[in-house]
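Please look through this note with the model open beside you.

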Amino acid sequence: MNLKLRCRDYGFECDFVLDEAKSAGLIGRLRDHFEEEHGIDYTAEVVTRMITNRGHTLESIK
């Protein structure tokens with residue numbers, strides 16, 4: 001099952017989309033994007049909370 005995470009869903013005017021199978025690396029790749037493109041260094045815990053607040057379960061992202 002693929003999981004689609006859109007940067008726009010997290011408050012940025014950005015077309016970046018992660019659309020791939022769930023894995024432990026999803027959080028890291030989204031964190032990297034936030035830091036590289038938006039200059040914000042979120043912790044893994046914050047990114048995980050952002051994703052779960054959008055309706056995804058922890059099981060769906062790890």
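1. In what order do the elements of the chain run from the N terminus on? The order is β-β-α-α-α, which amounts to 3 helices and 2 strands, where helices (H or I, at least four residues) and strands (E, at least two) are DSSP runs numbered from the N terminus. The radius of gyration, taken over C-alpha atoms, is 11 Å, close to the 11 Å that the globule rule gives for 62 residues, so the chain is as compact as a globular protein of that length; the rule itself is 2.2 Å times the number of residues to the power 0.38.

2. This is a predicted model, in which local features need a pLDDT of at least 70 and side-chain atom pairs count only at pLDDT 80 or more, while totals for chains, interfaces and linings use all residues. Residues are numbered from 1 along each chain as its sequence is written, and side-chain values use heavy atoms, with hydrogens and water left out. The pLDDT, which is the predictor's confidence in each residue from 0 to 100, averages 89 over the chain, and 98% of the residues score at least 70. Among the elements, α1 has the highest mean pLDDT (94) and helix α3 (residues 58–61) the lowest (74). Where pLDDT is low, the predicted coordinates should not be read in detail.

3. The strands β1 and β2 run antiparallel and are joined by 5 bridges; strands pair if DSSP finds at least two bridges between them. Leu5 of the covered face of β1 stands opposite Leu18 in β2.

4. The largest nonpolar core has 15 residues, of which Leu5, Tyr10, Phe12, Leu30, Phe34, Val47 and Ile51 touch the most other members. Such a core is a set of buried Ala, Val, Leu, Ile, Met, Phe, Trp, Tyr and Cys residues joined through side-chain atoms within 4.5 Å, and buried means under 20% relative accessible area, exposed over 50% and partly exposed in between (1.4 Å probe, protein chains only). The elements that give two or more residues to this core are β1, α1 and α2 (44–53), and α1 gives the most, with 4 residues. Leu30 touches Leu5, Tyr10, Phe16, Leu18, Val47 and Ile51, not counting residues up to four places away in sequence; contact means heavy atoms within 4.5 Å.

5. How many aromatic pairs does a search of the whole structure find? There are 3, where rings of Phe, Tyr and Trp (its six-membered ring) pair if their centres lie within 6.5 Å, and planes under 30 degrees apart count as stacked, over 60 as edge-to-face and the rest as tilted. The rings of Tyr10 and Phe34 have centres 6.3 Å apart and planes at 75°, so this pair is edge-to-face. Because Tyr10 lies in the loop between β1 (2–6) and β2 (17–21) and Phe34 in helix α1 (residues 25–38), the pair ties together parts that are 24 residues apart in sequence. The rings of Phe34 and Tyr42, with centres 5.3 Å apart and planes at 80°, are also edge-to-face. Ring pairs link Tyr10, Phe12, Phe34 and Tyr42 into a cluster.

6. Is Phe34 buried or exposed? Phe34 counts as buried because its relative accessibility is 0%, whereas Tyr42 is partly exposed at 22%. Ala24, in the loop between β2 and α1, counts as exposed at 67% relative accessibility.
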